[in-house]
Amino acid sequence: MTHYRLDAGRQTIVLAAPANGLPHCTYWGARLPDGTDLGAIAAAAEIDLTGGMLDANPLVTLCPQTASAFPGQPGLDVRSKDGTPLRPVFAQTATKRAEALALSYADAALGLTLTFKFSADAETGIITAQTALDATQPVLCDWLSAPTLPGPQLADEMIDFAGRWCDEFQPVRTPWAAGIRARDNRTGRTGHEHFPALIMPARGCTNTGGEAHALHYGWSGGHRMIAEELPDGRRQIQFGHASGSDPLPGTHFESAPLYVAYSDTGLNGCAVSFQRHLRDRIITWPQPNTPRPVHYNCWEAIYFDHSLSALTAIADRAVALGAERFVLDDGWFKARNDDTTSLGDWTIDAAKWPDGLTPLIDHVHSLGMTFGLWFEPEMVNADSDMARNHPDWILGPMDQPLGRGQYVLDMANADLRENLFDQISSILASHDIEYIKWDHNRVLPRNDAAQTRGTYALLDRLRTAHPEVEIESCASGGGRIDFGILKHTQRVWLSDSNDALTRLRIQHDAALFLPSCVTGSHVGPRHCHTTGRVHSISFRAWVAAQRHMGFEMDPRELTQEEAATLTRVTAWYKANRDWMRSADILRLESADPAIIAEQQQAADGTRFVVFAGHAGTSTQIAPRPLRLTGLDADATYTIDIANKDDLSTLSRGTPSLKSGPLTLTGRTLMSQGIALPYAVPDSIWIIEGHRL
Ligand code: DGJ
């Protein structure tokens with residue numbers, strides 16, 4: 001038996017590889033001391049036998065095999081080209097240990113080779129794991145799991161994610177029980193409903209304390225997850241592409257990377273690993289040293305009703321509020337007067353823009369802003385030259401149900417990709433554009449991994465040709481957010497809901513994976529277009545300032561007072577965005593369920609800011625103290641409220657934070673917490689902290 005250990009930050013994974021057969025994970029948990037006897041760990045993990053069991057326990061290998069009488073779901077389902085099930089028996093062929101560990105196993109008779117790859121990142125604490133299958137003859141691969149890992153035994157429940165348009169990232173807690181909890185997303189994209197992740201909190205784990213294991217599958221084409229408790233009580237977790245993703249025979253199949261995190265500091269430990277890994281390892285920034293610019297996006301201001309005069313007037317107002325990047329949304333291209341036509345025809349609409357986009361771009365530049373443009377490249381309307389000339393580029397039959405009146409294009413088709421590249425590239429080459437909002441507004445007619453690969457390829461080609469352009473992944477808001485798409489893009493449009501109350505909750509739960517600098521958040525109209533609710537400008541502005549800030553209302557609707565507040569909060573964002581870019585978002589454990597709170601903590605620990613949002617009416621009358629986290633217990637900090645002007649007239653008492661900075665130790669802030677002034681629902685306190 002050979003043992004391998006992978007150490008990443010606070011976690012260790014140990015693999016045991018027998019001379020015959022596939023390796024299995026004998027340990028996944030807190031970092032092991034150097035020199036730990038790995039053989040002893042494997043031996044200690046061995047489970048007993050009794051009546052009703054086989055005479056040996058089939059191992060939960062990195063790819064459990066039906067051929068070994070494994071009592072659960074196999075990690076691989078493969079058939080010969082004619083459909084005959086194959087039952088490979090793998091034996092080790094090669095091991096490579098450089099920066100990454102690669103373990104290969106073959107069934108020579110069947111011509112199949114399975115390779116497991118692992119890499120460990122010491123700084124972010126993430127272990128990345130991937131499985132590949134190679135075949136000498138084309139085979140049908142119905143299921144290939146990323147390396148199968150054991151589920152922790154002390155977890156009573158698991159958390160995965162549901163959601164919907166305008167309410168993404170809803171955590172779902174399911175008790176562990178005998179059998180399977182399966183997710184199988186056949187919509188062909190990540191989806192609002194299926195963020196591909198699983199968190200397994202140990203009993204008693206909270207945001208700020210306890211143990212958790214977590215996984216994220218970095219793929220934009222829909223995933224399948226199996227969390228299974230075997231008849232003997234062992235647990236296994238498998239993640240792969242959704243069923244039916246690779247319907248054709250092939251000689252190479254691979255899972256997407258599975259990102260593995262472990263924490264002994266509550267859910268926050270896993271969240272921080274994911275946030276850092278995404279920000280510092282996965283995303284490639286066109287201009288890494290440029291501050292995150294404040295956006296102005298015109299969608300909810302004017303929709304399809306584009307005119308140079310209105311947009312220049314809006315740009316004038318937006319820049320005065322503090323906007324730095326002006327994004328022209330849907331409606332700028334040929335005859336696109338509503339959402340029923342023209343997708344696929346990426347030429348400027350001469351009716352709305354008789355002199356092209358240049359006059360608007362020049363105006364935006366003269367104000368000192370950069371310019372961004374909306375595209376939805378993977379889609380086509382029947383009423384478009386593209387569909388008329390190339391009906392063969394449409395994915396699925398013509399009589400399929402449409403989504404938002406549109407078809408999906410067959411992104412596996414190289415000619416189509418060439419055409420899209422030429423159209424988009426020529427707009428980028430002939431205009432000074434430094435940002436694309438890349439939208440995707442319907443699910444696919446069928447699930448197909450080739451679609452996702454085609455989209456990644458087009459994104460890569462455009463990025464190579466236009467390396468200065470930043471790209472945002474939008475899919476009716478947060479319908480395509482995952483580490484796969486973020487290898488090719490740099491920002492996500494988290495949700496179409498610009499309702500600050502909804503957004504506060506979505507941002508909070510998305511922070512389990514997403515850092516602030518990639519998460520777009522805009523100040524919406526006074527009357528929210530998706531919920532009809534009305535929120536104060538202060539609440540809207542501060543919730544947007546928690547993430548990558550922008551505005552998405554008609555600034556001409558703002559009163560002078562509202563404009564002054566928004567300008568002030570935007571200035572605060574600009575003064576703080578540089579350190580917040582590399583900050584960790586730590587979710588706070590609030591004693592009052594009406595409070596959704598987080599602490600953004602500077603990388604060097606010298607400062608932090610707490611956003612404590614009132615997302616409902618508290619059951620008790622007086623605010624419960626809010627405990628902070630992640631501070632140096634023995635250090636001293638000053639804390640103060642940054643938005644004292646939001647103090648309600650209903651606050652009649654004298655909590656000391658009302659009147660000025662407090663100086664307290666980290667220990668007090670973390671154990672006793674801070675007493676906040678009384679606040680009304682749909683408001684937020686901003687508390688800044690500095691280490692002395
Ligand atoms: C859906 C997006 O989520 C919106 O922000 C907007 O860009 C529209 N599409 C445009 O059609």
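Author: This is a predicted model. Start with two helices, H9 and H10. Ala-500, Leu-501, Arg-503, Leu-504 and Gln-507 in H9 meet Phe-539, Arg-540 and Val-543 in H10. Sorted by class, that contact has five nonpolar, one polar and two charged residues.

Reader: What makes these residues of H9 and H10 a contact?

Author: Contact means heavy atoms within 4.5 Å. Leu-504 in H9 is one of the residues listed, and so is Val-543 in H10.

Reader: Which two values describe a pair of packed helices?

Author: The angle between the axes and the distance between the axes. For H9 (residues 500-510) and H10 (residues 537-545), the angle is about 25 degrees. Their axes are 9 Å apart.

Reader: Why is H9 called roughly parallel to H10?

Author: Set the angle against the cut-off. Angles under 35 degrees count as roughly parallel. H9 and H10 pack at about 25 degrees, so H9 is roughly parallel to H10.

Reader: Is the crossing of H9 and H10 left-handed or right-handed?

Author: H9 and H10 cross in a left-handed way.

Reader: How do you know how H4 lies relative to H5?

Author: Use the angle again. Helix H4 (residues 308-321) and helix H5 (residues 358-366) have axes that cross at roughly 15 degrees. Those axes come within 10 Å. The cut-off for roughly parallel is under 35 degrees, so H4 is roughly parallel to H5. The crossing of H4 past H5 is right-handed.

Reader: Which residues of H4 and H5 meet?

Author: From H4 come Leu-308, Leu-311, Thr-312, Ala-315 and Asp-316. From H5 come Pro-359, Leu-360, His-363 and Val-364. By class, there are six nonpolar, two polar and one charged residues in the contact of H4 with H5.

Reader: What makes Asp-316 the charged one in that contact?

Author: Asp, Glu, Lys and Arg count as charged. The list for H4 and H5 includes Asp-316, and the class count gives one charged residue.

Reader: Now the spaces. What makes a space a cavity and not a pocket?

Author: In a cavity, a 1.4 Å probe fits but cannot get out, while a pocket is an open set. This structure holds five cavities of 30 Å³ or more. The largest cavity has a volume of about 70 Å³.

Reader: Which residues line the largest cavity?

Author: Among them are Arg-189, Glu-378, Leu-444, Tyr-456, Arg-480 and Ile-485. Its lining has three nonpolar, six polar and three charged residues.

Reader: How do you know which three are charged?

Author: Check the lining against the class. Asp, Glu, Lys and Arg count as charged. The lining includes Arg-189, Glu-378 and Arg-480, so these are the three charged residues.

Reader: What is the volume of the largest pocket?

Author: About 790 Å³. Of its 27 lining residues, Cys-25, Thr-26, Ala-45, Pro-150 and Arg-234 are the closest to its centre. Strand E3 (24-30) and helix H1 (38-45) each supply at least two residues of this lining. E3 gives the largest share, six residues. By class, the lining has 16 nonpolar, seven polar and four charged residues.

Reader: And which strand gives the most to the lining of the second largest pocket?

Author: E18, with four residues. The second largest pocket has a volume of about 460 Å³.

Note on methods. Residues are numbered from 1 along each chain as its sequence is written. This is a predicted model: local features need pLDDT of at least 70, side-chain atom pairs count only at pLDDT 80 or more; totals for chains, interfaces and linings use all residues. Side-chain values use heavy atoms; hydrogens and water are left out. Axes are lines fitted to C-alpha atoms, for helices over the stretch in contact, and angles run from 0 to 180 degrees between N-to-C directions. Angles under 35 degrees count as roughly parallel, over 145 as roughly antiparallel, 65 to 115 as roughly perpendicular and the rest as oblique. A crossing is left-handed if the near helix is turned anticlockwise from the far one by less than a right angle, and right-handed if clockwise. On a 1 Å grid over the protein atoms alone, a cavity is a set of points where a 1.4 Å probe fits but cannot get out, and a pocket is an open set with protein on both sides within 12 Å along at least five of seven lines; lining residues have an atom within 4 Å of a point. Grid points are joined across faces, edges and corners, and a volume is the space filled by probe spheres set on the points.
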